[in-house]
Amino acid sequence: MSSFAYAVPGTKDEALALLNELGSGARIVAGCTNVLPDIRAKKIAACTLVDISKLAELKGIDVRGDRVIIGSLTTINELLHSDLVASHGQVLWQVGRRFADPLTRNRATIGGNLANASPAGDGVVPLLALEAKVIVASLAAEREIPVAEFLTGPGRSALQPNELIVGVSFTKTTAMRSVFIKFGMRKSMAISLASIGLMVGLDGDRVEQVRIALGALAPTAIRARQTEDYLTGKPLAPEVVTRAQEIIRTEAKPISDVRASREYRVHLAGVLLKRALEAALA
Amino acid sequence: MELQNEITVSVRINGTQFTAAAAPEESLLEFLRTRAMVMDVKCGCNKGDCGTCTLILDGQPVKSCLVLVAQANSKEVWTVKGMALDPLMQALQESFATHGAIQCGFCTPGMLVTARSLLADCPQPDRAAIKEALSGNLCRCTGYKKIVDAVAAVAACQASARVQGGRCRVWKQQ
Ligand SMILES: Cc1cc2nc3c(=O)[nH]c(=O)nc-3n(C[C@H](O)[C@H](O)[C@H](O)COP(=O)(O)OP(=O)(O)OC[C@H]3O[C@@H](n4cnc5c(N)ncnc54)[C@H](O)[C@@H]3O)c2cc1C
Ligand code: FES
Ligand code: FES
């Protein structure tokens, strides 16, 4: 008999009661694009697969006041086809076309990308730039955690075993220009060697406000705060960009792995910043 | 709530209902190949990287090795074989053959399913859109150019058929 069990709750509360009861013996499954390969690779063993894919409460993209709320089961393909996301959270929409491949995008969910907490996860980078909050529920309460605090390390998050991600929310942002650049070994189905999500408000070529999120360049996706501070208020002149590149290279804290060395990734941080700023100006 | 170590799954495969027991961690791909004996869905990598296991689930092309079979319960799947009578699929198959878009043929079922889904949604894709749509399907033999040629040729034929009164009818799921 299989060492796995399967349960398919019909409501969010049923799912939460089950998570409460099973604790770390439960494994939430959504799109399964991480979970099934992990089961095959024996990284996940003997547990109860709690299938949340039927929960209507975790679906849909809504606007409430000045906030955009995205259900955790929203697939990357749905993000890509959402006018709301394209106009109010453009940087998240831009990630869609660089995420995995069209077949995988039909299954992969934004909640799964967050919970997976990969340092190279592409969905979390734009959410950091959007200063999004992760909406997390347990039987006892619902709480909102800023993405920056949600991601606590490679593969680690602030999520407790009895909690599930209901969705993410962020404030509508239309005034800023957005750029997302993913640097991988090929155009499609590539794990990011480095990625950047940029949101910038410009007055001519002067930076009024800027948010820079980096992927695969530290143990979690990070904001490049010092680079942001330096750029704010300055015109995007060549010498300013060069200095910003130097600063961002000191903020990046990547590892060496099979895909790229630490030095190469640090170099990429500077290259991607320059390309992103140029794209925002164009 | 009931925790099940063995589940019963019922899937409508190419128009015919099929029911069997399955393991909780079983993928749709494993279920099709080992229980339903549907062999035209190929298993290349079993971890989402190659696209040989592509089929249509809920009207969308997906990699079946990335779908828990329990999640396909009560749903409908279509594989390349189930589309044998579909004019658009037939046009693609013919075009793949005449363009030399098949060598060993292992990637072909998945390629065809993805290509058909693209042309049904977007009848006149340019080459960039064709490449993008097929980017989850790997081919170790052809170098892709002939595959893109084959799909582009059907797109062009569809466009002229529409002008002549729509001979290339789009296959509809029942
Ligand atoms: C071929 C391929 C290409 C890929 N390319 C990319 C890429 O380009 N960029 C990228 O970032 N990722 C990529 N991935 C990884 C993966 O697709 C994403 O991380 C995806 O977003 C995971 O979502 P899912 O719904 O499939 O998660 P699942 O596999 O269902 O779950 C992943 C993890 O999250 C947990 N979880 C899921 N939903 C919730 C929830 N609502 N609440 C709490 N926990 C939850 C699960 O328990 C599990 O630990 C790729 C994967 C494959 C197979
Ligand atoms: S067998 Fe499914 S993607 Fe390779
Ligand atoms: S023809 Fe051999 S893999 Fe494509």
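Biologist: How much area is buried between chain B and chain A?
Modeller: Buried area is the accessible area, with a 1.4 Å probe, that two parts lose on being put together, summed over both. Carbon and sulfur atoms give 59% of it here. For chain B and chain A the total is about 2,800 Å².

Biologist: Which residues of chain B lose the most area to chain A?
Modeller: Three residues stand out, together making up 23% of what the chain B side buries. They are B:Met1, B:Leu66 and B:Gln71.

Biologist: Before we go on, what kind of model is this, and how are things labelled?
Modeller: Residues are numbered from 1 along each chain as its sequence is written, chains are lettered from A and ligands numbered from 1 in the order in which they are written, and side-chain values use heavy atoms, leaving out hydrogens and water. Local features need pLDDT of at least 70 and side-chain atom pairs count only at pLDDT 80 or more, while totals for chains, interfaces and linings use all residues, since this is a predicted model.

Biologist: How many residues of chain A are in contact with chain B?
Modeller: Contact means heavy atoms within 4.5 Å. On the chain B side, 35 residues take part. Their partners in chain A number 37 residues.

Biologist: Which residue of chain A meets B:Glu30 in a salt bridge?
Modeller: The N to O distance in that pair is 2.8 Å. The pair crosses between chains, from helix α1 (residues 28–35) of chain B to helix α2 (residues 35–40) of chain A; helices are DSSP runs of H or I with at least four residues, strands are E runs of at least two, and both are numbered from the N terminus. The partner of B:Glu30 is A:Arg40.

Biologist: Where are the bounds of the two domains of chain B?
Modeller: Domain bounds come from an automatic or database domain assignment. The C-alpha centres of the two domains lie 23 Å apart. The bounds are 7–78 for domain 1 and 87–164 for domain 2.

Biologist: How much area do domain 1 and domain 2 of chain B bury between them?
Modeller: Of this area, 65% is on carbon and sulfur atoms. B:Lys42, B:Thr52 and B:Thr54 supply 42% of what domain 1 buries against domain 2, more than any other three residues. The count of salt bridges between these domains is zero, and the area buried between them is about 830 Å².

Biologist: In chain A, why is one side of β11 and of β14 left without a neighbour in the sheet?
Modeller: The open sheet has four strands in the order β11-β12-β13-β14, with antiparallel pairing; two strands pair if DSSP finds at least two bridges between them. β11 (177–183) and β14 (222–223) of chain A stand at the edges, so each has a single partner strand.

Biologist: Which residue of β12(A) is the bridge partner of A:Ile181?
Modeller: β11(A) and β12 (residues 194–203) of chain A run antiparallel and are joined by seven bridges. In β12(A), the partner of A:Ile181 is A:Ile196.

Notes: Salt bridge = Lys/Arg side-chain N within 4 Å of Asp/Glu carboxyl O.
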